[in-house]
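Student: I have a protein model open and would like to go through it step by step. Could we begin with the aromatic rings and then move on to other topics?
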Amino acid sequence: MKKALLRLEDVGPGGYYESEESLWKLRVIADFLSAADVPFHVAMIPRFINPKTGYDRSIADRRDPHVRSFLATLDYLHKRGGSIGLHGYSHQYGESVSGDGFEFAYAECATDCAPDDPKAAFLERGAFESSYASRRMRNGFLAAFSSGLSIDWFETPHYTASENQRRVIEGWTGLIFENDPHSEETRKIVVDDADLPLFRGTIYVPTPLYYLDGAHPEQDLQRMCEQSKSFQDGEIAGFFYHPYLEFPFISREGSRVVYEEHSYLKRLVRCFQAERFRFVSLLSQVSFVPTMRQTDFFPGQEIWVGDIDGDRQSELIVRERETGDWYAASVSLELFPCRRSAPLEPRRVLRGVGGGEVLIGDVNGDGRDDLVLWDRASGAWRVALSDGESFQAPSVWLDYFGSGGMWKAFLADWNGDGRADLAVWNKVTGAWRLAESDGAKFCPLRGVASGHSGIDQQALYADLNGDGRAELLLWNPDSGSWRVGSWQAGALQMERDPWLENWAVGKEWRVRVGDFDRDGRADVLVVDPERGDWQIARSTGERLVPAESVLRPWVAGREMEPLVGVWSPDGRSSICARNRSLRGGTVDFALSVVGKGKPGR
C-alpha cells in the first residue's frame, strides 16, 4: 500500500491567520479534507511575533479574544481529523518574523542568529536544563499545555538546528515529524536508537516531497505529482502545504461556501488519489513513542510491574536481594509528546522479606495488586497484601502445591470473580493444577486438568476477548502458532483453530501482554531484545492481527528486559525496557499510541 502524509504548515495566532476570515477559511479546508477522508496534520506555532509591527500573541493567553478564536479553530480542525503538532516556540529569533525566521542555531546564519549550545547540553542534566534550546522547547510545551490543545508530535522550524541543539530537542520529545538528520533515509520512518544519558531513541517521520512553493505553485504541483509515481508500497510520500495558499480559492456567496475545484490543495489530493495513495495519519504509522529515561535505578536488581495503590496506573516494584527490602516507584507519562517527566522516587513498601519466586496480582479483589511469593521446593505460597501504600507482612495462603522443579506458575483471574487465582503447569506432562482465591487463601480444585505438554511451548494468561476472564494463550516458538483456551468447570477447553500462525517464529522472542489500544481486550507484544525489535498483534476477540507499525531498533541489547504497564491517564498499556547494568541501571519508557491515529482510506 502506498501511503501519503499531509501537513498544513506554519499555522499560528498571527500573520496569515490574524483575522476571523482566515480562521473561517481554515475550517473550510478542514471540512474538505474530512469529507475526502484525508487525515491531516497541523504544524502549530505557539507564539507569533512580528517585531516590525510589535505584534506578539501566544496561545497561552486565553484571555485574548483572537487567541480564543484561534484555539477554537484548532479544536475544530482536530475534530475534523487534524493531528496538532508543536512547530517550535516562536519560529523566529531577534528581528525576524514568525514562520519566516529560524529559531535554532545553524552554521550558515548571517542575521538574527540564535545562540548555539555546548555539547554538555545533551550530556549533563544541569547544562541541558539551562540551555537555549531547552528554554525554547520548554516554553513551547508550556504554552501548549496552558492552551488546552492536544499535541501529538514536534517539528523543528525549517528542519534546522545545530548538532548539539538537535540532541537537546530529541531530549524533549521522541516523535519528530521531519526528515531524519542522522541518516540518508527519506522515504521511511526512522528510529534513531541513540543511547544518551538523558534519553534513548527518537522517531523521525519524513516529508520527502517537501512543499508547494507559493512563488512557483504550478511548477511545484507538477513536480510533487510526478515524483509521487516513484514511491513504492511501504514508503511514505509525506509533504507539507501552507494553507493560506488556498484562501484565494475560498469565498462566500450569501450563505453558500464556494471552494474552487482547481485549488492547489484539491488538485494535489486528487493526483495522489489517482495514483492509488492512501492518506494516513502519523500516529497510525507508529506504535510506541520513546518517552522518559531514568538511569542509576537499582543496578543489578529485578523489577516487576503492578498497581499497588489502586489508581489504575502501574508502578515499578523492586526487590533488593541483599536486604529483602521492596520498593515501589510511580511513573507518569502524561506529558506526551514531551518526554521530560518527573524522576522516579522509589519508596520502601516492605522490609526484610526475601526468597521465593515472585508473582504480582490482585488476589483479594480490592483493586490493588498484591505480592505472592512461591517457594518452589516446598510448594508454599505466601501473600503480602497491599494496603494502598505498602505491602503487609506476608502470610501463608497455601502449602504443598506445585512443589518441585517441573511446574511453571501463573496468577490469573480465570474464573472472572475479580480475584487473581493460581494456575501451575507441568511443561513435561502437560498437567495443570488450579487453586481459586477466596480473598484470604488459595483453595485447590480437585484433580489435575490435562492440557498440552509444553516443552516446545510458552504459556501466558490474559483477557483476550474482553469477557472479564483470563484466557490461556499458548505460543509455539518453532511454528509461530498462537492458540487460546479457557477454563470451564475445571477443564481446559482449547479452541480448535489457532488465533494466529507464522508470527514471532524463534526462541529469541520474549512475550508480554497488555491492552495497548484500550479496547478492553489484551493484545500480544513480542520483543527481540538483541535487535531491539518490538511488535504487537492486536486482539479482535477472536483472533490476533499483527500491527503494521513496529518499533525497531529501540534499546537494542542482549541484556534488555521488556516490561508492560499502564503509565498514562488514557489507560493504554505501554512498554518499558529495563537494563540492569547499563548506566547504573536504566528504565526506558515508550508510550503506546496504538489505535489513536485514523488510518485513512
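This is a predicted model: local features need pLDDT of at least 70, side-chain atom pairs count only at pLDDT 80 or more; totals for chains, interfaces and linings use all residues.
Student: How are the rings of Phe 297 and Phe 298 arranged?
Tutor: Their centres are 5.0 Å apart and their planes stand at 85°, so the pair is edge-to-face. Planes over 60 degrees apart receive that name.
Student: How many aromatic pairs are found in the whole structure?
Tutor: The search finds 34 aromatic pairs. One of them is formed by Tyr 17 and Phe 247, whose ring centres are 5.9 Å apart with planes at 85°, so this pair is edge-to-face.
Student: Where in the chain do Tyr 17 and Phe 247 lie?
Tutor: Tyr 17 is in the loop between strand 1 and helix 1, and Phe 247 is in the loop between strand 10 and strand 11 (250–253). The pair links distant parts of the chain, 230 residues apart. Tyr 17 is buried, with a relative accessible area of 1%, and Phe 247 is buried at 11%.
Student: Which residues do ring pairs link into a cluster?
Tutor: The cluster consists of Phe 231, Phe 239, Phe 272, Phe 277 and Phe 279.
Student: Which charged residue sits over the ring of Phe 32?
Tutor: That is Lys 266, whose charged end is 5.3 Å from the ring centre. Likewise, Arg 7 lies over the face of Phe 177, at 4.6 Å from the ring centre.
Student: Let me turn to helix 7. Which of its residues are buried?
Tutor: In helix 7 (residues 264–274), the buried residues are Tyr 264, Leu 265, Lys 266, Leu 268, Val 269, Cys 271 and Phe 272.
Student: What do they pack against?
Tutor: Their partners are strand 1 (2–11), helix 1, helix 6 (217–228), strand 10 (236–241), strand 12 (256–259) and strand 13 (277–279). After the helix comes Arg 276, which has a positive phi near 65°.
Student: How many residues does the largest nonpolar core have?
Tutor: It has 74 residues, and those with the most contacts inside it are Leu 6, Leu 33, Met 44, Leu 265, Leu 268 and Phe 272. Helix 1 (residues 20–35) gives the largest share of this core, with eight residues. A second, separate core of 50 residues includes Leu 175, Phe 336, Val 587 and Val 594.
Student: Now the cysteines. How many disulfides are there?
Tutor: The count comes to two disulfides. Cys 109 is joined to Cys 113, with an S to S distance of 2.0 Å, and Cys 225 is joined to Cys 271, at 2.2 Å.
Student: Why does the second pair tie together separate parts of the sequence?
Tutor: Cys 225 lies in helix 6 and Cys 271 in helix 7, so the bond ties together parts that are 46 residues apart in sequence. Both of these cysteines, Cys 225 and Cys 271, are buried.
Student: One last topic, Asn 179. Where is it found?
Tutor: Asn 179 is in the loop between strand 7 (175–176) and strand 8 (190–196). Asn 179 counts as buried, at 11% relative accessibility.
Student: What does the side chain of Asn 179 reach?
Tutor: It reaches the backbone nitrogen of Thr 207 at 2.9 Å. A polar contact of 3.1 Å also joins the side chains of Asn 179 and Tyr 210.

Notes. Residues are numbered from 1 along each chain as its sequence is written. Side-chain values use heavy atoms; hydrogens and water are left out. Helices (H or I, at least four residues) and strands (E, at least two) are DSSP runs, numbered from the N terminus. Buried means under 20% relative accessible area, exposed over 50%, partly exposed in between (1.4 Å probe, protein chains only). A polar contact is a pair of N or O atoms within 3.5 Å; within protein, one must be able to donate a hydrogen and the other to accept it, and residues adjacent in sequence count only if both atoms are side-chain atoms. A nonpolar core is a set of buried Ala, Val, Leu, Ile, Met, Phe, Trp, Tyr and Cys residues joined through side-chain atoms within 4.5 Å. Contact means heavy atoms within 4.5 Å. Rings of Phe, Tyr and Trp (its six-membered ring) pair if their centres lie within 6.5 Å; planes under 30 degrees apart count as stacked, over 60 as edge-to-face and the rest as tilted. A charge sits over a ring if NZ of Lys or CZ of Arg is within 6 Å of the ring centre and within 35 degrees of the ring normal. A disulfide is a pair of cysteine sulfur atoms within 2.5 Å.
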